[in-house]
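Here are my notes for our discussion of the model.

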Amino acid sequence: MSKEDILRYMRTSSKTDDEQILALVDRAIKIVEEKSEPKSLYRIFDCKISESEIEIDGIVFHSKRLAQNLKGCKRLVMFGATLGAGIDLEIRIASATDVALAMAIQAASADKIEQICDELEQTIINRHNVALRQRYSPGYFDLDITEQKKFFLLLELQKRIGLTLTDACLMAPSKSVTAFIGIE
């Protein structure tokens, strides 16, 4: 995990020498490392891209921006990753007793889930000998968060890695990511 990135997520100077802040970050990193139970999965699909839609296994996602991102791709990766429910519990506990620690855990877990996603992308690149485009997740720009339901259907995320969706289409555990990645 990167202390500089965690400090940036905390909206603090990444070059701070404040011992209290650095100790807080170290404590948060330790909690995240101990309580994380990372899980991830991915699938590669054939896809059809139009000007504003992406069709995958007969399911259509609506987004001009995602279609632009995937333009020219014949295949894509869909993946889900989570740190598990233990992190959500730690954030709730810290929120009730130490708001600064809760903020540091939030930042450290954000850095950790990005690390998990980056490692998964590298695994895909190495395993399939492909070049990947930038990740694109439901809820960004014009890819409505409700498209998450279709995403969960295609990947069976609840069954396979324990991710669930709230009625508002937010993921639980909260430190989780789903994304499309075009294959070049």
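How much space lies in the largest pocket?

1. The largest pocket holds about 530 Å³ of space. A pocket here is an open set of points, on a 1 Å grid over the protein atoms alone, with protein on both sides within 12 Å along at least five of seven lines, where a 1.4 Å probe is used and lining residues have an atom within 4 Å of a point. The volume is the space filled by probe spheres set on the points, which are joined across faces, edges and corners.

2. This is a predicted model, in which local features need pLDDT of at least 70 and side-chain atom pairs count only at pLDDT 80 or more, while totals for chains, interfaces and linings use all residues. Residues are numbered from 1 along each chain as its sequence is written, and side-chain values use heavy atoms, with hydrogens and water left out.

3. Among the 20 residues that line the largest pocket, Ser 137, Pro 138, Tyr 140, Val 177 and Thr 178 are the closest to its centre. Helix 3 (64-70) and strand 8 are the elements that give two or more residues to this lining, and strand 8 supplies the largest share, with 3 residues. Helices (H or I, at least four residues) and strands (E, at least two) are DSSP runs numbered from the N terminus. By class, the lining has 9 nonpolar, 8 polar and 3 charged residues, where Ala, Val, Leu, Ile, Met, Phe, Trp, Tyr, Cys and Pro count as nonpolar, Asp, Glu, Lys and Arg as charged, and the others, Gly among them, as polar.

4. Strand 5 (residues 75-82) is joined to strand 1 by 8 bridges, with Phe 79 as the bridge partner of Tyr 42. Another 8 bridges join strand 5 to strand 8, where Phe 180 is the bridge partner of Met 78.

5. Is strand 8 mostly covered or mostly open? Of its 8 residues, 8 are buried, that is, under 20% relative accessible area with a 1.4 Å probe and protein chains only, against over 50% for exposed and in between for partly exposed. Ser 176, Thr 178, Phe 180 and Gly 182 point one way from strand 8, whereas Val 177, Ala 179, Ile 181 and Ile 183 point the other way.

6. Lys 112, found in helix 5 (residues 99-128), deserves a look: Lys 112 counts as buried because its relative accessibility is 9%. Not counting residues up to four places away in sequence, Lys 112 touches Met 1, Val 32, Glu 33, Ser 36 and Leu 83, contact meaning heavy atoms within 4.5 Å.

Notes:
Pairing = 2+ DSSP bridges.
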